[in-house]
Amino acid sequence: MAESKPRVLLVEDTRSLAVVYEQYLAQDGYEVLLADCGQQALAQLLTSPPPVVLLDLELPDMSGMDILQQITEQQLPCSVVVITAHGSVDVAVEAMRLGAFDFLTKPFDGKRLCATARNALKHQQLSSLVAQYRENFERSSFAGFIGASMPMQAVYRIIESAAPSKATVFITGESGTGKEVCAEAIHQCSPRSEQPFIALNCAAIPHDLMESEIFGHVKGSFTGAQGDRKGAASLADGGTLFLDEICEMDLDLQSKLLRFIQTGTLQRVGSGKLETVDVRFVCATNRDPLIEVKAGRFREDLYYRLHVIPLSLPPLRERGEDILLLARSLLQSYTREENKRFKDFDAEVARVLLDYPWPGNVRELQNVVRNIVVLNDRELVNLDILPPPLSGRRVGVVAMAPASTASGVAMPSLNTPIRPLWLVEKEVIEQAIASCDGNIPKAAALLEISPSTIYRKKQSWEEASLV
């Protein structure tokens, strides 16, 4: 299939000039859309905005500046080249201030017009790539998750890739990292999003009732079975079945689950009838499944049947600045719910939050922030209202060795020669990282800089060492 021509919207009310410009652009490979007034141009822009707009400022029904302003305010994906016969520095400055890419003053020849259009098109293509990169790799939230760290970006990409298929996703991660949120995200991003999402916690149901919970039962199949009942598998037909803490399941039931996964059929407890259901399986555990397999507590054949797409959720302590993103989002949410005045955390509290290891992960952070909001009412969260185990914690300044650093490089004193600033900075950053046991987000918080600054500087030092 031939590649489609790039589109250009030409907004020009003088018909003779419009015909000439259209010929120039058509010969250079563009598909030209014509508009001879502002309303016609706006209708085209709002319906299907082209990557390049050539905009005359003098139109019969409105100023071209008004159209430019609407393009900018609505963030339409267009590079605008302003055309006018009344060129002046003031007009050019105002057009650039409103977001124009370039400025052409009549008269101009075909070469100048086409070169400017090509540059505008390349600019828009680059802008689109940057926007796509930010959407895919710099997202601060995604399908119920909040987080902009690199580990979470990797999680988002796996979810997006895995969701459209029927392949089983095996989620691992510590308690409180958001495994059920992840399962729901997979379901919501899948073609099954309009169908049921059924979650079953295998650790919360007595073992003797688990088979009935998954597969259902018929009346009289056991004491207390007073009627027919559908199980989670039947309820999830056409949708997603999420089995949380699957390593807690009895071995006998694991064999029945394996048969169900292989055949797509199930039998309710007490029934001899086979039922066919269509479900997408997502499972999760806070244990290491391979250790459970080696210990004989989890069937190896079931593990390999389920472990198609592994997805590991990072603990909160490894997510750096995500801690503050989550904490601020929770603070805003709980403040609205409780009708309180909180707006933010002060700098000392922010450092404490970054420094704390969060063994309970996101769930523990939720509890801490909820405690603060419920029991207090002020604009800033400060140290004196932090609940245990954060209460009384202080983040100290990184101790600087007077004579030498961990790397053995002598620190400057009054009697030593002045050394390059970059080298002193490198030693201080490396010492901070060493003092924090390699935890770069923690070191960055103590140095009051962004973790990305440290990563960037480390990369520049490594590149310099290779020269």
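Student: Which residue of β15 stands opposite Phe242?

Tutor: Strands of a sheet pair through backbone hydrogen bonds, either parallel or antiparallel. Two strands count as paired if DSSP finds at least two bridges between them. Here Phe242 stands opposite Val282 in β15. Strand β12 (residues 240-244) and strand β15 (residues 280-285) pair in the parallel sense over four bridges. The model is a predicted one, in which local features need pLDDT of at least 70 and side-chain atom pairs count only at pLDDT 80 or more, while totals for chains, interfaces and linings use all residues. Residues are numbered from 1 along each chain as its sequence is written, and side-chain values use heavy atoms, with hydrogens and water left out.

Student: How are the elements themselves defined, and in what order do the strands of this sheet lie?

Tutor: Helices (H or I, at least four residues) and strands (E, at least two) are DSSP runs, numbered from the N terminus. The open sheet has five strands in the order β9-β12-β15-β8-β16, with parallel pairing. β9 (197-201) and β16 (309-312) stand at the edges with a single partner strand each, so one side of each has no neighbour in the sheet.

Student: Which helix lies across β8, β15 and β16?

Tutor: Angles run from 0 to 180 degrees between N-to-C directions, and axes are lines fitted to C-alpha atoms, for helices over the stretch in contact. Helix α6 (residues 150-162) lies across β8 (169-172), β15 and β16, and runs at about 155 degrees to β16. Helix α7 (residues 179-188) also packs on the sheet, touching β8, β9, β12, β15 and β16. Contact here means heavy atoms within 4.5 Å.

Student: At what angle do α16 and α17 pack?

Tutor: Angles under 35 degrees count as roughly parallel, over 145 as roughly antiparallel, 65 to 115 as roughly perpendicular and the rest as oblique. Helix α16 (residues 421-435) and helix α17 (residues 440-447) pack at about 125 degrees, their axes 8 Å apart; they are therefore oblique to each other. The contact involves Val428, Ile429, Ala432 and Ile433 of α16 with Ile440, Ala443 and Leu447 of α17.

Student: How many aromatic pairs are there?

Tutor: Rings of Phe, Tyr and Trp (its six-membered ring) pair if their centres lie within 6.5 Å; planes under 30 degrees apart count as stacked, over 60 as edge-to-face and the rest as tilted. The count comes to nine aromatic pairs. One of them, Phe215 with Phe260, is edge-to-face, at 5.8 Å centre to centre and 85 degrees between the planes. Phe215 lies in helix α8 (residues 207-215) and Phe260 in helix α10 (residues 251-263), so the pair ties together parts 45 residues apart in sequence.
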